[in-house]
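Please load the model below in a viewer and keep the sequence panel open.

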2 protein chains.
Amino acid sequence: MRDDTVVAYLDGNSLGRPLVASVDRVSEFMTAQWGGRLIRGWSGGAVGEEGWLDLGQRIGDDLGRVVLGAAPGQTTIGDSTTVLLYKLVRAAVELRPGRTELVIDRDNFPTDRYVLEGIAAERGLTVRWVETDAAAGVTAEALAEHLSLSTALVVLSHVSYRSGFLADVHALTTLTHDAGALIVWDLCHSAGVVATELDACGVDFAVGCTYKYLNGGPGSPAFAYVRAEHLADFRQPIQGWLGSARPFEMGQGYEPAKGIRRLLSGTPPVIGMLAMRDMIALIESVGIDAVRAKSVALTEHAIALVDALLPDAGLASPRDPARRGSHITIDHDGFEAVMPELWRRGIIPDFRRPNGIRLGLSPLSTSFAEVSLGVAAIAELVAVTPAA
Amino acid sequence: MRDDTVVAYLDGNSLGRPLVASVDRVSEFMTAQWGGRLIRGWSGGAVGEEGWLDLGQRIGDDLGRVVLGAAPGQTTIGDSTTVLLYKLVRAAVELRPGRTELVIDRDNFPTDRYVLEGIAAERGLTVRWVETDAAAGVTAEALAEHLSLSTALVVLSHVSYRSGFLADVHALTTLTHDAGALIVWDLCHSAGVVATELDACGVDFAVGCTYKYLNGGPGSPAFAYVRAEHLADFRQPIQGWLGSARPFEMGQGYEPAKGIRRLLSGTPPVIGMLAMRDMIALIESVGIDAVRAKSVALTEHAIALVDALLPDAGLASPRDPARRGSHITIDHDGFEAVMPELWRRGIIPDFRRPNGIRLGLSPLSTSFAEVSLGVAAIAELVAVTPAA
């Protein structure tokens with residue numbers, strides 16, 4: 001979808017645009033499926049028709065195949081990222097009894113830090129903080145200092161929400177396992193734009209949102225991955241009927257479902273999970289490697305423009321494209337003051353306090369011309385606007 | 001929305017129909033708001049435009065005014081019913097330190113029981129079970145037996161999911177408070193069809209889903225109410241950035257937001273919460289008392305038909321309309337065998353194992369003629385179909 005008032009949309013990592021196909025898909029769902037199938041839609045019913053009840057697991061399998069490098073049966077769409085992260089961390093801690101430390105980096109996204117601090121407080125555990133140079137990200141050396149036989153769990157982001165630093169999933173997962181600990185990867189800023197090999201890297205758990213590069217729409221539900229070998233012993237704390245073994249028995253006593261469905265709690269958020277299907281299909285049709293290639297070209301283009309037009313701005317993101325996701329952050333004390341005028345002109349990047357502009361470049365909907373227009377406008381306005 | 005293949009939709013208490021206005025609302029949101037406002041939509045931006053970020057609280061206030069008897073600032077739309085119930089119960093337990101017992105009835109909905117059992121196990125608490133005659137529901141006498149100075153919390157359903165029994169919120173809340181305990185009311189089967197006076201009854205907490213009589217669509221997010229006097233001390237365990245005091249500071253250390261927003265964890269499920277607005281507006285335009293009056297007339301009509309046409313079926317619901325919600329359950333060993341043919345004929349009630357048919361009568365979309373057709377078809381098929 002395009003809107004004429006939007007000249008350069010540089011915030012695809014906060015909220016991806018709706019695909020035209022998604023507008024049709026949701027409309028069709030409202031009338032023909034919800035309105036037409038009514039309650040029968042939960043189980044399918046008509047020949048060739050999908051039931052809504054296991055839609056999250058079907059989309060999860062698609063996402064696993066196209067983007068995550070995950071075999072079927074390990075991924076589902078569920079609650080918000082925060083709630084799924086809470087479930088994964090609580091479950092992971094139970095899988096490492098006697099270990100008392102949770103490791104996370106200080107620059108991780110607030111939700112990741114807040115969830116971990118809350119669980120540490122309630123379970124009598126200790127949080128160990130990896131202090132990082134934001135642009136350098138979490139290195140193996142920095143993580144190794146905090147790992148020991150006391151480590152239960154490590155929580156890291158694949159791509160840093162601010163700097164765009166792209167972590168080495170394989171190396172850091174292996175390092176964590178060498179200490180006998182488990183790892184949760186937060187894929188919010190990488191899912192759909194960087195190929196991930198969760199199965200091959202031995203990742204234990206992963207979580208991510210779907211409204212950025214997966215174009216699921218405002219507040220679309222998140223996904224989570226639980227490695228097959230953990231599923232039998234995986235117990236999450238929010239015991240609801242749709243995560244139980246036999247929901248429609250309405251029986252006494254909770255028994256978790258077999259497989260990934262035990263991660264669920266309540267009724268699946270069906271309408272909210274429809275739109276992401278179109279983006280997953282589109283990524284599959286072009287291939288995640290082509291998506292990644294354009295992503296790298298876009299961020300290279302943006303950095304070259306910043307170097308040329310905004311020489312006073314600091315680049316708070318890695319210069320090495322192999323260590324960078326699909327957004328860059330640039331810092332300048334004049335940025336806060338220019339944001340209202342940028343938005344008025346239809347040039348829409350993201351502002352991150354205290355002084356960062358984040359350019360999120362969604363490969364399948366951001367053009368090189370948009371990036372050029374956007375950076376030029378920022379440079380022009382910074383030159384003429386007094387700092388706030 | 002009507003579908004020609006649906007002759008009698010008698011399951012409005014499982015999934016309400018989409019309003020025509022909701023189809024337009026969601027479509028407009030996809031193109032003009034998501035597609036047009038993009039990331040700017042979170043904060044509003046254009047004159048007269050609502051921001052998405054506090055949409056849950058705005059809808060919560062509407063719901064409070066129209067249906068719940070709740071003043072503004074105490075209700076929000078959030079996660080699934082199960083997740084919200086988990087948060088409420090965890091928070092409530094913390095407000096009654098030293099008290100060790102949680103009280104719930106054996107006939108409560110599975111999620112309510114499973115959530116409570118899980119929390120009891122993890123917090124070292126004991127669940128006390130109120131055993132009820134399903135059709136009689138939870139009486140004051142039955143509850144009183146389980147209340148003591150050890151009681152931290154009572155969890156009850158306003159309308160029983162199976163029998164339709166309508167509990168006395170005021171009396172049971174007062175009884176609970178007399179023991180110094182707190183109460184959570186589950187309004188899943190009453191919200192939108194029975195007026196509730198949460199403020200006036202002194203209710204501490206409430207939760208409910210929005211896809212039944214509030215017509216929010218498959219898996220639309222649930223609502224929760226936290227009484228104003230509890231908000232300052234209310235702490236829920238899933239600490240996410242959107243429940244924090246200053247989300248966009250991205251700061252270190254979780255500090256809960258003031259007011260009902262502290263109940264939130266992740267990004268609000270915006271698309272999922274759009275459709276319910278139309279039903280809330282429709283209920284406001286006709287008045288909840290008129291909705292309740294038609295609801296009573298519909299269940300009276302259904303019971304009269306059952307008495308006349310299905311004399312061998314048992315009525316598992318109260319005969320007193322003052323003690324009944326908007327659905328009735330009838331039992332007969334022949335019901336399971338007739339369900340496939342009923343569905344094929346476009347007559348859609350709900351089957352509840354082992355032998356119950358539940359007729360959910362949504363006052364603003366179910367006609368008396370539909371009820372007549374439906375019960376007549378059930379009676380006709382039971383007479384000619386061998387039991388399964």
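This is a predicted model: local features need pLDDT of at least 70, side-chain atom pairs count only at pLDDT 80 or more; totals for chains, interfaces and linings use all residues.

Select residues 8-18 together with 288-384 for domain 1 of chain A, then residues 20-283 for domain 2 of chain A. The C-alpha centres of domain 1 and domain 2 of chain A are 28 Å apart.

Turn next to where the domains of chain A touch. Domain 1 of chain A contributes 27 residues to the contact, and domain 2 of chain A contributes 27 residues. Which elements give two or more residues to the domain 1 side of chain A? Select α10 (288-309) and β10 of chain A, which are those elements. Of this side, α10(A) supplies the largest share, with five residues. Colouring the domain 1 side of chain A by residue class shows nine nonpolar, 12 polar and six charged residues.

Keep β10(A) selected, as the next stop is the sheet to which this strand belongs. In chain A, four strands make up an open, antiparallel sheet, and their order is β9-β10-β13-β12. To find its edges, select β9 (314-315) and β12 (350-352) of chain A; each of these strands pairs on one side only.

Finally, centre the view on β9(A) and on β10 of chain A, residues 327-331. Two bridges join these strands in the antiparallel sense. Where in β10(A) is the bridge partner of A:L315? Select A:I330, which is that partner.

How values were computed:
Residues are numbered from 1 along each chain as its sequence is written. Chains are lettered from A and ligands numbered from 1 in the order in which they are written. Two strands pair if DSSP finds at least two bridges between them. Domain bounds come from an automatic or database domain assignment. Two residues are in contact if their C-beta atoms, placed from the backbone, lie within 7 Å. Ala, Val, Leu, Ile, Met, Phe, Trp, Tyr, Cys and Pro count as nonpolar, Asp, Glu, Lys and Arg as charged, and the others, Gly among them, as polar.
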